[in-house]
Amino acid sequence: MVGGTDEVNNVELLSGAEMVVRSLRDEGVEYIYGYPGGALLHIYDALFKEEALTHVLVRHEQAATHMADGYARASGKAGVVLVTSGPGATNAITGVATAYMDSIPMVVISGQVPSAMVGTDAFQETDMVGISRPIVKHSFMIKDPKEIPEVIKKAFYIAQSGRPGPVVVDIPKDMTDPTQKFEYEYPKKVKLRSYNPATRGHSGQIRKAAELLVSAKRPIIYSGGGVILGQAAGPLTELAKNLNLPVTNTLMGLGGFPGSDRQFLGMLGMHGSYAANLAMHHADVIVAVGARFDDRVINGASKFCPNAKIIHIDIDPASISKTIRADIPIVGPVEAVLSELNSVLAETGDKPAKESLNSWWKQIDEWRGDRKMFPYDEGDGSVIKPQAVVEALYEVTKGDAYVTSDVGQHQMFAAQYYRFDKPNRWINSGGLGTMGFGFPAAMGIKLHYPDEVVACVTGEGSIQMNIQELSTCLQYGLPVKIINLNNNTLGMVRQWQDMQYGSRHSHSYMESLPNFVKLAEAYGHVGIQIDRLEDLKPKLEEAFALKDRLVFVNVAVDPSEHVYPMQIKDGSMRDMWLSKTERT
Amino acid sequence: MRHIISLLMENEPGALSRVVGLFSQRNYNIESLTVAPTEDPSLSRLTLTTIGHDEVIEQITKQLNKLIEVVKLVNLSESAHVERELMLIKIKATGAQRAEIKRTTDIFRGQIVDVTSSVYTVQLTGTSDKLDSFIQAVGTASILEVVRSGVTGIARGDKVLSV
């Protein structure tokens with residue numbers, strides 16, 4: 001390691017730049033995603049000498065944040081981003097906001113102009129702490145190099161505890177001066193008197209919840225991303241299995257309960273399944289776990305689930321009763337609360353009455369029928385339906401891939417047709433809805449899990465928002481699979497234009513698209529074109545057989561397809577379009 | 001309804017901007033705001049008044065509590081409390097007006113803290129309503145300048161907001 005040693009006290013003397021790098025190493029960080037620049041040069045020089053950290057040089061800072069984000073969503077650990085001042089920092093903003101909206105742990109270290117120049121409109125100066133304020137869990141600006149180890153420790157602690165989120169550490173260049181050395185010690189623990197996230201739920205409330213649940217006639221579990229982040233898939237599944245409860249997941253919560261299980265009703269909400277939305281509407285007790293009653297889930301708030309009593313379990317008190325009033329609020333880590341709820345139920349042995357639960361399941365099974373969970377018009381096979389591509393992807397990858405997505409119709413199709421049996425496998429930007437997220441997120445996962453299959457389901461609109469990262473993939477050997485559902489149109493925009501704007505397709509058509517196969521080849525990768533339905537499975541198999549190559553699979557899909565069901569604006573949960581012509 | 005929210009926060013750069021930023025970011029009102037360090041120099045006490053339905057006030061207190069630098073928070077309006085606002089007001093005072101303003105100031109238990117041949121500067125403390133009443137009594141025509149501190153307050157009885 002670089003730096004000197006103070007012989008007398010036997011402590012290491014490091015510069016600020018060395019302390020940044022060393023603190024990251026001592027925190028157990030393996031990967032940094034970043035892009036150098038003037039304000040970061042001291043830190044990059046220290047990084048050059050540090051072998052324990054792998055740095056990935058992206059082609060655009062937005063991609064660095066999404067890579068860190070993908071890594072964090074798959075591994076549960078904070079992703080680390082290193083960007084320079086000014087444009088480096090502003091380019092990272094979209095990714096910081098993406099992480100904030102989905103509560104993803106991330107530490108963003110941004111370079112800043114020297115302290116004496118802050119506020120003078122210096123070259124490449126921007127107020128990163130100010131710009132990022134509404135979209136971070138917390139932020140720091142280093143005022144003294146000696147603070148660096150403690151601030152970095154705090155940043156990781158805050159990012160990863162409680163309701164996770166991104167933390168920005170802004171470091172003026174003079175704080176990293178290589179000629180100024182200070183005593184270095186990385187703190188083992190930090191304590192913040194003003195920050196104490198709950199470590200368990202209120203036992204009295206948990207008992208009340210258990211009583212309400214066993215008295216239910218038409219109960220349902222509605223679980224969200226908090227179950228994934230809070231590693232609570234185990235106790236959630238135990239609760240559902242023990243009481244034989246139907247389960248629906250939000251877009252962010254998929255994988256929190258096995259997607260191929262009989263008790264799983266599919267995703268709920270705007271593009272949720274018929275059975276899930278109807279079951280929610282008619283439920284008398286809803287157990288909401290790590291979910292925040294988002295507007296894309298509840299539809300019209302005033303008509304939401306008129307007969308339901310709501311048990312709401314969440315680590316963040318501000319998520320409870322924000323849009324929908326909870327009858328039994330429980331603040332705490334979902335894993336701890338669910339485990340305690342399970343043991344309370346085991347203790348008493350109480351369960352909801354069998355007869356009422358049986359008739360509830362009978363009703364649900366009627367709603368489900370013998371159709372697919374998400375039925376669609378499969379056509380005559382002359383064009384490839386986008387839904388069929390995801391179904392084929394599910395078969396070819398045996399339901400065990402890490403699947404990332406961008407934003408739009410393809411995202412909804414991936415969420416509907418890929419059955420996630422495990423948590424942390426479905427990675428998408430649910431809150432902010434960031435196009436350009438999926439590909440770099442897939443790269444972050446592949447880097448950390450090189451032996452796993454990682455596929456990015458995308459569209460020709462989204463993929464072009466970070467397509468430059470094909471170059472990064474070649475440099476670092478990241479053989480992800482890109483499944484491009486290419487319909488020459490911004491599909492979700494077009495769908496809304498079809499449904500609400502008299503099919504006036506204002507600027508939703510993509511002309512002059514590149515030849516994606518040749519483009520992939522130009523970047524040194526493999527491109528595969530699929531135009532016919534009979535080629536779909538064999539060519540996907542061919543793509544996934546090329547384990548060591550990035551394969552860009554460009555699939556020409558039906559541009560007229562819509563995502564259904566689609567809830568009718570301001571209606572109740574059960575008000576949905578089921579196809580272009582049928583509604584509930 | 002108007003609520004007085006009072007909080008202790010770390011006396012650190014950026015803490016105040018986070019509190020104020022939260023209000024604009026989430027579309028909450030701030031009617032008044034006052035902040036200064038406490039007897040413990042590591043802590044600042046911030047008091048603000050805001051208007052909103054109970055659900056909004058509940059969200060405001062929860063969101064404020066989420067800010068890392070906010071150590072403790074109380075909604076003073078929820079229980080018995082003392083509230084005060086300080087006003088300095090410059091009033092035209094010539095001829096017969098001089099005696100009249102002096103009288104009004106005495107009635108409101110204010111003090112004249114600065115005098116020139118044509119101007120009185122009056123200092124007044126009390127609830128916001130009392131300050132409003134004084135302004136009304138003097139009449140806006142003769143008022144040259146008004147500066148108000150914003151509401152600050154403290155709970156009655158044994159209750160204290162401390163770390």
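Which strands of chain B does helix α2 (residues 54-66) lie across?

Figure 1. Helix α2 lies across β1, β3 and β4 of chain B, and runs at about 160° to β4(B). That angle is taken between N-to-C directions, on a scale from 0 to 180 degrees, with axes that are lines fitted to C-alpha atoms, for helices over the stretch in contact. Helices (H or I, at least four residues) and strands (E, at least two) are DSSP runs, numbered from the N terminus. A quick word on what you're looking at: this is a predicted model, where local features need pLDDT of at least 70 and side-chain atom pairs count only at pLDDT 80 or more, while totals for chains, interfaces and linings use all residues. Residues are numbered from 1 along each chain as its sequence is written, and chains are lettered from A and ligands numbered from 1 in the order in which they are written.

**Figure 2. The four-stranded sheet of chain B.** This open sheet has the order β2-β3-β1-β4, with antiparallel pairing. Its edge strands are β2 (32-37) and β4 (70-75), each of which pairs on one side only. From one strand to the next, the twist averages 15°. Two strands count as paired if DSSP finds at least two bridges between them. Strand β1 (residues 2-10) and strand β3 (residues 43-51) of chain B run antiparallel and share nine bridges. Look for B:Ile4, which stands opposite B:Thr49 in β3(B).

**Figure 3. Strand β7 of chain B and two of its partners.** Strand β5 (residues 81-92) is joined to strand β7 (residues 119-126) of chain B by eight bridges, and the two run antiparallel. Here B:Lys90 stands opposite B:Thr121 in β7(B). Strand β6 (residues 111-115) of chain B also runs antiparallel to β7(B), joined by four bridges. In that pair, B:Ile112 stands opposite B:Val122. β6(B) and β7(B) make a hairpin, with three residues between them. Zoom out, and chain B comes to four helices and nine strands. Of its 163 residues, 26% count as buried.

**Figure 4. Inside the cores.** The largest nonpolar core has 201 residues. Such a core is a set of buried Ala, Val, Leu, Ile, Met, Phe, Trp, Tyr and Cys residues joined through C-beta atoms within 7 Å. Buried means that 20 or more other C-beta atoms lie within 10 Å of a residue's own; with 12 or fewer the residue is exposed, and in between it is partly exposed, with C-beta atoms placed from the backbone. A:Ile286 is one of the residues with the most contacts inside the largest core. Leaving out residues up to four places away in sequence, A:Ile286 touches A:Ile220, A:Tyr222, A:Met280, A:Cys305, A:Ala308 and A:Ile310. A second, separate core of eleven residues includes B:Ile91, B:Tyr120, B:Leu124 and B:Phe134.

**Figure 5. A buried strand in chain A.** In a regular strand the side chains alternate between the two faces of the sheet. On strand β15 (residues 328-331) of chain A, A:Ile328 and A:Ile330 point one way, A:Pro329 and A:Val331 point the other way, and all are buried. Strand β14 (residues 309-314) of chain A pairs with β15(A) in the parallel sense over four bridges. A:Ile313 stands opposite A:Ile330 in this pair.

**Figure 6. Two helices of chain A pack together.** Helix α1 (residues 16-26) and helix α6 (residues 148-160) of chain A pack at an angle of about 35°, with their axes 9 Å apart. The contact includes A:Met19 and A:Leu24 of α1(A), along with A:Ile148 and A:Pro149 of α6(A). By class, this contact has six nonpolar, two polar and no charged residues. Ala, Val, Leu, Ile, Met, Phe, Trp, Tyr, Cys and Pro count as nonpolar, Asp, Glu, Lys and Arg as charged, and the others, Gly among them, as polar.

**Figure 7. A:Leu192 and the meeting of the chains.** A:Leu192 sits in the loop between β9 (181-184) and α7 (203-214) of chain A. Why is A:Leu192 partly exposed? Because A:Leu192 has 15 C-beta neighbours inside 10 Å. Not counting residues up to four places away in sequence, A:Leu192 touches A:Lys154 and B:Ile68. Two residues are in contact if their C-beta atoms, placed from the backbone, lie within 7 Å. Between the chains, 13 residues of chain A are in contact with 16 residues of chain B. The chain A side divides into seven nonpolar, three polar and three charged residues.
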